[in-house]
Amino acid sequence: FEDRTLYHMVGFLVTEGMGINAIRELSVNCTKSKFEHRLRREIFNRVIGSQPPEGIEEQAIRERVVEKLEVLEYGLHRVKIKSVLLLFNLATLLQNKRSNLRFQFDSFKSERWDIEHVRSVTSYKPERPSDRTAWLDPILSYLQSQKAEEALCEEIEAFLKLKLPQPEAVNEVFDPLYDKLLAYFQENTGEDADHGIANLALLDQHTNRSYKNAVFAVKRQRLLDLDQAGIFVPLCTRNVFLKCYNPKADNVMFWSEPDRDTYQKAIIETLVNFFVGKMEGLE
């Protein structure tokens, strides 16, 4: 616990299911720096899926990391994506030599964790009345809190009060409203949300499933509320919704292509730095 590097490395491997005795064996008959080197190789093997190149050459490591991230896709590689995002959080903490922060493995272990789309998936259009209400309510609250788009608020309120018996009649009202809201929040790009790593973040299952595929602005506000209430939010998830990875970020309501690109670059650089030893405590 006193050594932040070992704390996070061992914590990651334990979270990934590696036994304490197996970890201890890596420390036998070697120096502390050699032990850290062995741990890093073990983590590389588990996350990237192969042994690291000899010599830990940065370019070779970068190529392996980029290649791995490019093939990861939500729905096909959920377990592996979760591992990558967890390691990204740990490596981010280790990059700051002046920080004493430690990842809250106890909070992480006590919750069930999901992979969350940062930008919503437009194909997951709510169809049931309860789902539509769950999707519209937070949007209405958000717009009202921002004192924005009074006409849109009135349309949402009018729909929520509808008592039409025929689903077709309800669809005639909801579908145009749905499209209008996606346009307002700039989530109607004509393409479905990216299922790659650049549009994914770690989030506890309860919060994630309460979103009902909310738009980015609503997700952002809920994450800020959790953070302000002292509820554990992984650092990199918080950074995503604060748009910390894009130095040119302008409107906090939208998750744009430049936001995704800079986020993915941050993941790549952070993992590469971790694997080549450019972090606190490693020579």
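Predicted model: local features only at pLDDT ≥ 70, side-chain atom pairs only at ≥ 80, totals over all residues.

Student: Why is α3 described as oblique to α5?

Tutor: The class follows from the crossing angle: only angles over 145 degrees count as roughly antiparallel. The axes here cross at roughly 140°, which makes α3 oblique to α5.

Student: Which residues make the contact between α3 and α5?

Tutor: From α3 come I43, R46 and V47, and from α5 come K80, V84 and L87. By class, the residues of this contact are four nonpolar, no polar and two charged.

Student: How should I read a nonpolar core, and which residues have the most contacts inside the largest one?

Tutor: The general idea is that nonpolar side chains tend to be buried together in soluble globular proteins. In this model the largest nonpolar core has 57 residues, and those with the most contacts inside it are I43, V65, L85, Y263, I267 and F275. Helix α5 (residues 78-95) gives the most to this core, contributing 10 residues. A second, separate core has 23 residues, among them I156, Y178, L181 and A214.

Student: What is V65 in contact with, leaving aside its neighbours within four places in sequence?

Tutor: With those neighbours set aside, V65 is in contact with I48, I268, L271, V272 and F275. F275 is, like V65, listed among the residues with the most contacts inside the largest core.

Student: Let us turn to single residues. Is H117 buried or exposed?

Tutor: Here one compares relative accessibility with a cut-off, and buried means under 20%. H117, found in strand β1 (residues 113-117), counts as buried because its relative accessibility is 5%. Its side chain is joined to that of H195 by a polar contact of 2.9 Å. Apart from neighbours within four places in sequence, H117 is in contact with Y74, D194, H195, N199, L200 and K219.

Student: How many residues separate T15 from R260 in sequence?

Tutor: They are 245 residues apart in sequence, and their C-alpha atoms are 27 Å apart in space.

Definitions and conventions. Residues numbered from 1 in each chain as written. Heavy atoms only, no water. Core = buried A, V, L, I, M, F, W, Y, C linked by side-chain atoms within 4.5 Å. Buried < 20%, exposed > 50% of the residue type's maximum accessible area, 1.4 Å probe, protein only. Helix = DSSP H or I, 4+ residues; strand = E, 2+ residues; numbered from the N terminus. Contact = heavy atoms within 4.5 Å. Polar contact = N/O pair within 3.5 Å; in protein donor to acceptor, adjacent residues only side chain to side chain. Axes fitted to C-alpha atoms, helices over the stretch in contact; angles between N-to-C directions. Parallel < 35°, antiparallel > 145°, perpendicular 65-115°, else oblique. Nonpolar A, V, L, I, M, F, W, Y, C, P; charged D, E, K, R; others polar.
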